[in-house]
Amino acid sequence: MKQPSVYLTVETPLPQYLPYARFLLNAELTHKAKLLYTLLLDRATLSQKNNWVDTVGRVYVLYPIANLARDLHCSRSSITRAFTELESSGLLERLHSGFSKPSRILLKVPQNVQGYSSMLCTGASSDGAKVTNVDVQNCIPNHLNRNQQKYNNKQKQKNMPGLPEYMFEEGESL
């Protein structure tokens with residue numbers, strides 16, 4: 001049975017969501033490995049809050065493979081393959097704790113993205129999380145600055161051989 005849904009508006013509370021790291025968009029990983037990393041990253045934020053750190057100061061996650069398979073709706077072998085893929089790409093390390101005990105999972109972040117910790121979650125609730133900006137990140141905005149008149153007025157496409165001229169209106173895309 002379908003659940004009724006409503007359109008997203010400014011007042012619509014957001015459901016809980018997972019922090020999907022931007023570097024994963026360009027990573028050469030399977031979707032399952034990306035989803036696993038995202039779920040583990042979410043758990044790592046709880047480990048940070050609960051001060052789950054090893055003797056070296058690294059935050060670890062405890063998440064048995066059976067529970068991961070249940071939560072991601074896939075087989076244990078799919079989870080094991082995704083773990084192997086993430087380990088070989090250098091995004092995590094598993095420290096085995098002993099027979100029938102879950103491994104300690106140490107997440108890693110690529111060095112070139114560590115400086116982009118621009119968003120902090122400050123109080124997740126059932127309807128989403130408040131996000132505060134820590135660093136200013138050089139991101140492409142989804143709208144143009146209203147003070148930049150040269151972009152807000154109709155723009156003429158540069159004459160390119162073989163293409164007709166066209167006037168772009170604000171809000172149009174190619």
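Residues 24 or more positions apart account for 39% of the contacts in the protein with a separation of 6 or more. A contact here means heavy atoms within 4.5 Å. The model is a predicted one, in which local features need pLDDT of at least 70 and side-chain atom pairs count only at pLDDT 80 or more, while totals for chains, interfaces and linings use all residues. Residues are numbered from 1 along each chain as its sequence is written, and side-chain values use heavy atoms, with hydrogens and water left out.

Confidence was examined next. The predictor's confidence in each residue is given as pLDDT, which runs from 0 to 100. The protein averages a pLDDT of 76, and 64% of the residues score at least 70. The highest mean, 97, belongs to helix 4 (residues 76-88), and the lowest, 40, to strand 4 (residues 119-121). Two stretches have pLDDT under 50. Residues 116-146 form one of them, with 41 contacts beyond four places in sequence in the model. Residues 148-160 form another, with 21 such contacts. Where pLDDT is low, the predicted coordinates should not be read in detail.

The protein has 5 helices and 7 strands. These are DSSP runs numbered from the N terminus: helices are H or I over at least four residues, and strands are E over at least two. Along the sequence, the elements follow the pattern α-α-β-α-α-β-β-β-β-α-β-β. The protein has 174 residues, of which 20% are buried. Buried means under 20% relative accessible area, exposed means over 50%, and partly exposed lies in between (1.4 Å probe, protein chains only). The accessible surface comes to about 13,900 Å², with 55% of it belonging to carbon and sulfur atoms. Accessible areas come from the Shrake-Rupley method with a 1.4 Å probe; for residues, only the protein chains shown count as cover.

Three strands make an open sheet in the order 1-3-2, with antiparallel pairing. Two strands pair if DSSP finds at least two bridges between them. Strand 1 and strand 2 (92-95) stand at the edges, each with a single partner strand, so one side of each has no neighbour in the sheet. On average, neighbouring strands of this sheet are turned by 30° against each other, direction ignored. Strand 2 and strand 3 (residues 104-107) run antiparallel and are joined by 4 bridges. In this pair, E93 stands opposite L106 in strand 3.

Two helices meet these strands. Helix 4 packs on the sheet and touches strand 2 and strand 3; its direction makes about 115° with that of strand 2. Helix 2 lies across strand 1, strand 2 and strand 3, running at about 110° to strand 1. Axes are lines fitted to C-alpha atoms, for helices over the stretch in contact, and angles run from 0 to 180 degrees between N-to-C directions.

The largest nonpolar core has 23 residues, and L36, L40, L68, F83 and L86 have the most contacts inside it. Helix 1 (23-26), helix 2, helix 3 (65-71) and helix 4 each give two or more residues to this core. Helix 2 supplies the largest share, 6 residues. Such a core is a set of buried Ala, Val, Leu, Ile, Met, Phe, Trp, Tyr and Cys residues joined through side-chain atoms within 4.5 Å. Beyond four places in sequence, F83 touches L36, L40, I65, L68, L92, R94 and I105.

V59 lies in the loop between helix 2 (31-49) and strand 1 (60-62). V59 counts as partly exposed because its relative accessibility is 24%. Among the residues that V59 touches are W52, I105 and L106.
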